[in-house]
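Here is my note on the model below. Please read it with the structure open.

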Amino acid sequence: MAAAEPPAVEEMVERGHPGPRQTGRIETTYIFFTSDNGLLMGQHRAVARKGNAYEESIAVPLIVRGPGVPVGR
């Protein structure tokens with residue numbers, strides 16, 4: 001059996017925070033999704049696990065959903 005694909009961010013938000021939709025406040029609610037800096041586990045022969053100037057450590061996602069935020073921006 002193949003491993004299931006991880007859920008999309010939108011699906012995780014829906015599962016984890018159903019309150020705004022259930023109370024009718026979803027159209028006035030901002031949801032922010034971000035992550036911590038990348039954790040290197042030996043890549044680039046890095047001794048320090050964080051704080052390196054490699055793409056894996058500095059490309060931190062930020063996704064915002066809410067009123068006035070254009071879809072896909």
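1. Basis. This is a predicted model, where local features need pLDDT of at least 70, side-chain atom pairs count only at pLDDT 80 or more, and totals for chains, interfaces and linings use all residues. Residues are numbered from 1 along each chain as its sequence is written, and side-chain values use heavy atoms, with hydrogens and water left out.

2. Fold. The protein has 3 helices and 2 strands. Their order from the N terminus is α-α-β-α-β. Helices (H or I, at least four residues) and strands (E, at least two) are DSSP runs, numbered from the N terminus.

3. Burial. Of the 73 residues, 14% are buried. Buried means under 20% relative accessible area, exposed over 50%, and partly exposed in between (1.4 Å probe, protein chains only).

4. Nonpolar patch. Tyr 30, Phe 32 and Leu 62 make a nonpolar surface patch of about 380 Å². Patch residues have over 30% relative accessible area and no salt bridge; nonpolar side chains (Val, Leu, Ile, Met, Phe, Trp, Tyr) are joined within 5 Å. A salt bridge here is a side-chain nitrogen of Lys or Arg within 4 Å of a carboxyl oxygen of Asp or Glu. Areas come from the Shrake-Rupley method with a 1.4 Å probe.

5. Tyr 30 sits in the loop between helix H2 (19–22) and strand E1 (31–34). Tyr 30 counts as partly exposed because its relative accessibility is 45%. Leu 62 belongs to strand E2. At 59% relative accessible area, Leu 62 is exposed. Leu 62 and Phe 32 are 30 residues apart in sequence, yet 7.1 Å apart C-alpha to C-alpha.

6. The largest pocket has a volume of about 200 Å³. A pocket is an open set of points on a 1 Å grid where a 1.4 Å probe fits, with protein on both sides within 12 Å along at least five of seven lines; lining residues have an atom within 4 Å of a point. The volume is the space filled by probe spheres set on the points. The lining includes Ile 26, Glu 27, Val 64, Arg 65 and Val 69. Its residues divide into 6 nonpolar, 3 polar and 3 charged.

7. Two lining residues. Val 64 lies in strand E2 and is partly exposed at 24%. Val 64 and Thr 34 are 8.7 Å apart, C-alpha to C-alpha. Val 69 falls in the segment after strand E2 (62–65). Val 69 is partly exposed at 28%. Val 69 and Tyr 30 are 39 residues apart in sequence and 9.0 Å apart in space, C-alpha to C-alpha.

Conventions:
Ala, Val, Leu, Ile, Met, Phe, Trp, Tyr, Cys and Pro count as nonpolar, Asp, Glu, Lys and Arg as charged, and the others, Gly among them, as polar. Patches are made of residues with over 30% relative accessible area and no salt bridge: like charges are joined within 9 Å, nonpolar side chains (Val, Leu, Ile, Met, Phe, Trp, Tyr) within 5 Å.
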